[in-house]
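The report that follows sets out what can be read from the coordinates of a two-chain assembly, beginning with a single position and then turning to the chains and their contact.

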Amino acid sequence: MNSLYMPKDSLIHSLDPRTKMIFVIFVVISSFILNDPALQLLLLVALFPLVLLAKVVKPYLVSIQFLLLFAVLIMTVHGIYNPIGVTPVFEIFGGLTFKYESMVYASVMSFRILVIGTAAVLFVMTTHPSDMASALVKWKVPHSFAFILLSTFQIIPIIAREAKIVMEAQQARCLDVKGSIIQRVKNLVPMFAPLFIITFMKVHQLSYVLECRAFSRKGTKTSLRETRIGSLDYSFLIGMLAILAFEIYVKLFAMGSLHLTTDALLTYSLIGTWIVFGFMIVKFLYKQLQGKIGGAN
Amino acid sequence: MAKKAIEVSNLTFTYPDEEAPVLKDVNFSVNHGEILGIIGPTGAGKSTLAMCVNGLVPQVINGEMEGTVRVNGEDVSESNVAKMSEQVGFVFQEPENQLSQMTIEEEIAFGMGNLGVPRDEMLIRIKDALEQVGLVGFEKRSPLALSGGQQQRLAIASVLAMRPTIMIMDEPTSMLDPKGKNEVYDVLKNLKEYGMTGIIIDHEVERIAAYCDKVLVLSEGEIRMFAPSEEVFTNVEMLHDLTLHAPQVTEFLARYNQQFGQKLKLSTTVEESIEVFESAYK
């Protein structure tokens with residue numbers, strides 16, 4: 001399997017792909033409605049039980065690391081240098097001060113990335129690509145578009161394999177792959193030109209094959225994988241609708257009286273991301289070291 | 001069924017940008033339930049001829065075509081490839097290029113889905129097709145994780161599941177090792193038992209001689225021989241003229257006849273050849 005899909009038996013997995021797609025859209029909308037770091041943090045925390053429910057905690061944490069990298073950068077750089085900040089919150093060495101307004105701005109942005117990332121990862125990990133394609137077809141998305149989406153999963157490993165073959169063939173023709181950076185960049189041409197040609201030929205051939213499998217036939221098409229919207233999906237959808245209504249209510253009427261975002265919250269979330277980031281670096285260095293020691297043996 | 005399964009008459013085809021036609025006035029017909037082997041040197045137009053039968057040429061691969069191709073009495077040029085695929089299944093040379101889905105069962109279901117086969121029927125047909133090609137138990141695997149022979153059998157299975165009456169295989173074994181070749185030919189033998197009509201293009205004369213009812217020899221776009229396989233492969237001089245060769249046992253008997261001025265009966269099977277040769281020494 002070349003996608004991130006994790007075949008598990010869970011409540012989230014058994015949901016219809018369409019429900020999950022709506023869920024992703026819902027999370028995106030929510031993250032824009034809740035324009036406040038505290039509320040977004042709440043949303044992020046609220047999403048975590050779903051990850052737990054889908055039994056994908058470990059792969060989720062691995063893939064969310066990369067988004068956290070963005071969050072750390074945004075929060076640090078914006079917090080210090082964003083010109084909208086006026087009220088200083090705290091100072092670190094060298095006279096660099098984190099300011100309240102810019103920290104709010106940075107937190108909103110980075111939490112939004114994390115929230116949307118979480119929803120997207122949750123969707124990708126719990127939905128089989130073929131299910132997604134057949135669900136899209138049910139939404140009247142053209143069959144060929146769904147096929148393009150699906151065939152990317154198939155074509156990438158094939159291209160990777162061809163790339164290896166081309167590289168080995170060119171090496172056999174004295175292409176220097178271990179030279180200087182400039183030499184290597186120059187070598188991209190004899191690598192990629194044949195690779196592109198091979199890929200185009202393969203795709204061309206595939207188009208004949210598809211034609212022989214009646215791909216362009218008019219009329220109804222059926223799918224092996226069945227997706228059906230059940231009572232679980234309906235309750236999920238109603239839940240989302242209710243939360244959305246509540247969010248809009250909060251946004252319109254209760255925002256003025258809510259003061260969840262404090263200096264402390266901002267500071268702690270900043271330091272929190274730093275600590276987690278620090279852990280990541282330590283883990284990375286540890287692995288590097290382990291690899292070095294392992295290599296010496 | 002009185003009509004012929006495949007009827008090709010006066011077929012001439014020229015690729016664009018080329019002066020000489022790749023097929024010149026080709027005439028042949030295949031009865032229902034027969035397996036036709038097409039042999040010929042590279043560039044003889046074998047693949048083009050095969051693709052004319054299901055309409056890929058000239059509808060998808062452009063060119064100038066004259067003459068008519070009839071499949072089950074229906075003129076191919078009045079139909080389209082997608083419609084023809086209900087009757088004619090086509091297996092290509094490269095196994096890997098024919099795969100587009102994530103799992104084996106989906107790969108087989110893909111063609112059927114395009115034809116609008118209901119899901120319950122699909123499950124039955126998938127099971128049937130996998131049994132026919134001997135891939136039962138592989139349903140959930142990725143097609144890319146299979147060996148070449150298995151991939152080619154999968155490609156055959158996905159065509160079989162569409163239940164065509166005619167099966168065309170264009171050099172299905174050229175990328176495979178001997179074991180993979182045997183696997184594919186065993187499937188071909190099964191097809192014959194199911195009463196399907198088949199066309200197979202290959203360079204494996206031994207296997208063609210063993211499995212095909214009729215053989216068509218194509219050279220430079222012209223039919224040089226079209227006869228039952230026994231008759232084609234015993235005409236050794238003609239095959240040599242076309243840079244082809246007969247099965248090794250036939251070659252052996254022919255060379256023996258030539259060298260010792262004998263008139264032994266030429267045969268294409270090992271068993272018969274042994275008998276003929278032994279009787280010559282009695």
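## An exposed position in chain B

Gln259(B) has a relative accessibility of 61%, and because exposure is assigned over 50%, this residue counts as exposed. The model is a predicted one, and in it Gln259(B) belongs to helix H11 of chain B, which covers residues 248-260. Between Gln259(B) and Ile61(B) there are 198 residues of sequence separation, and their C-alpha atoms lie 48 Å apart in space.

## Chain B as a whole

Chain B contains 12 helices and 10 strands. Its radius of gyration is 20 Å, close to the 19 Å that the globule rule gives for 282 residues, so chain B is as compact as a globular protein of that length. Taken along the principal axes, the C-alpha atoms of chain B fill a box of roughly 65 × 45 × 35 Å.

Of the 282 residues in this chain, 56% count as buried, and the accessible surface of chain B comes to about 12,200 Å², with 48% of that area belonging to carbon and sulfur atoms. Among the contacts in chain B with a separation of 6 or more, 62% are made by residues 24 or more positions apart. The charged side chains of chain B comprise 24 positive and 43 negative ones, and the centres of these two sets are 5 Å apart.

## Chain A as a whole

Chain A has 9 helices and 2 strands, which follow one another from the N terminus in the order α-α-α-β-β-α-α-α-α-α-α. The radius of gyration of chain A is 25 Å, well over the 19 Å that the globule rule gives for 297 residues, so chain A is more spread out than a compact globule. Its C-alpha trace spans about 65 × 55 × 40 Å along the principal axes.

Buried residues account for 39% of the 297 residues in chain A, while the chain exposes about 17,100 Å², to which carbon and sulfur atoms contribute 73%. Where contacts in chain A have a separation of 6 or more, residues 24 or more positions apart account for 75% of them. There are 26 positive and 14 negative side chains in chain A, and 10 Å lies between the centres of the two sets.

## The contact between the chains

The contact draws 41 residues from chain B and 32 residues from chain A. Together, the two chains bury about 3,300 Å² between them, and 59% of this area is on carbon and sulfur atoms. Within the area that chain B buries against chain A, Asn97(B), Met102(B) and Asn114(B) supply 22%, more than any other three residues.

## An enclosed helix

Helix H4 of chain B, residues 104-115, has 12 of its 12 residues buried, so this helix is largely enclosed by the rest of the structure. The buried residues of H4(B) include the glutamates Glu105(B), Glu106(B) and Glu107(B), as well as Ile104(B), Ile108(B), Phe110(B), Met112(B) and Leu115(B). Asn114(B), one of the three residues named for their share of the area buried against chain A, is also among the buried residues of H4(B).

Just after H4(B), Gly116(B) adopts a positive phi of about 80°.

Technical notes: Residues numbered from 1 in each chain as written. Chains lettered and ligands numbered in written order. Predicted model: local features only at pLDDT ≥ 70, side-chain atom pairs only at ≥ 80, totals over all residues. Heavy atoms only, no water. Helix = DSSP H or I, 4+ residues; strand = E, 2+ residues; numbered from the N terminus. Rg over C-alpha atoms; globule rule 2.2 N^0.38 Å. Buried < 20%, exposed > 50% of the residue type's maximum accessible area, 1.4 Å probe, protein only. Contact = heavy atoms within 4.5 Å. Areas by Shrake-Rupley, 256 points an atom, 1.4 Å probe, with all protein chains shown as cover. Lys, Arg positive; Asp, Glu negative; His and termini not counted. Charge placed at Lys NZ, Arg CZ, Asp CG, Glu CD. Buried area = accessible area lost by both parts, 1.4 Å probe.
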